[in-house]
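Thanks for coming. Please have the structure open.

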Amino acid sequence: MIYRTRCWRNIGFLALLVLEASRPARASESEAPGGGVSADVRDRIAAYYESRGVQASVWDQFEAAEYDEEEYRRFVRRGVKVDTRVPIADPARIPPPGPAPKWWQELSAAKSSLTLTEETEVGLMVAGRVLREYPLWEDAESTKYVRFVGRYVAEQSMRPDIPYKFFIIQGKSPAAYSTPGGFLFVSTGLLQLLSDEDELAFVLGHEVAHVARFHGILEVERTATTRRANEALEELDTMSQKSGGEKPDLEAIADEAFKVFTGFRSRAEEDQADALGVDFTIRGGYRKECGVEVLGLLQKKLGDGPEASESDTHPKFSERIQALERHLKSKAGSSPRRRMTSTQKRFDQLRKSLSGKE
Ligand SMILES: [Zn+2]
């Protein structure tokens, strides 16, 4: 797949909402939609929000999630320490991230039947509802910091070319969520548990992995509970064969995706997101122990998890830690020549801002 990272990012968020006149081929995810903003999509989402009691002003939050590209680049450069044992021809150049671990080739080609444009539309619908339930923590500097770390981690993933959006939500309980299309949420309670940027990178990497591996939308396809949602998914299958101008019932899919969002993910998906989350952090030059540390912190805070009878669907932290340790021994990639180590000051700034919160 050809990734056109640059071109996506510079187009800006609204350009995403363009729907081409005819349905693009299903395989064309890497192609950015061109042309102007589609009022159609925005109208559909606005109608969805209205019917679900989501305030129209939520759009401002999505539009405000953009940031300055050059500032982001500076953020990366400031954090990186180059491993000087290995000579680099141009000292001003940051070495590339680590190679993709070999085991990624074994991952199934499982993909959503939605195009990226449709996935984003579903994501916006779900994200609007999320922000209705969970108030944002609107601390501009902290939010920017989380966005930069999240963007950096997402760049190390197998799906770096979608415009992920990161938000901090208020809540004492440690939690992180993601929706299809790359809307990610982390609670203030979870941020307060963490001790450095490496751990934050793992938390965000885990959620990026759910998006990059289409977990949310695949779960919807597996478990759709309403006839309307099932019909919408069938429609998507048939529509992939032709190129009509009709739209599948994305609202029905968004309703299902919201249910997935509020429920538990499967054990297989959690293990995979842990493994990939730690792979992304290693590729970016963070400490490889950060994943196990975060799971340990959550275990301490929340207890180990459900009883054995339920653990088929919802893994205990101790099981996730064991699985991640096995992954680190056998499959995780090696660290790159870049190290993300000059990060403690900026992480402490986040802690300071959080300390004013309950
Ligand atoms: Zn997860």
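Two strands count as paired if DSSP finds at least two bridges between them. Helices (H or I, at least four residues) and strands (E, at least two) are DSSP runs, numbered from the N terminus. This is a predicted model: local features need pLDDT of at least 70, side-chain atom pairs count only at pLDDT 80 or more, and totals for chains, interfaces and linings use all residues. Residues are numbered from 1 along each chain as its sequence is written.

Start with strand 3 and strand 4, which run antiparallel and are joined by 4 bridges. Y177 has F185 in strand 4 as its bridge partner. The two strands form a hairpin with 3 residues between them, and G181 in the turn has a positive phi of about 85 degrees.

Strand 4 (residues 183–187) runs parallel to strand 2, with 5 bridges joining them. Here I168 is bridged to V186 of strand 4.

Put together, this is an open sheet of 3 strands in the order 2-4-3, with mixed pairing. Strand 2 (165–169) and strand 3 (176–179) each have a single partner strand, so one side of each is left without a neighbour in the sheet.

What is L204 in contact with, leaving aside its neighbours within four places in sequence? Contact means that C-beta atoms, placed from the backbone, lie within 7 Å. The answer is V149, G150, V153, F166, L184 and V186.

Note on methods: Two residues are in contact if their C-beta atoms, placed from the backbone, lie within 7 Å.
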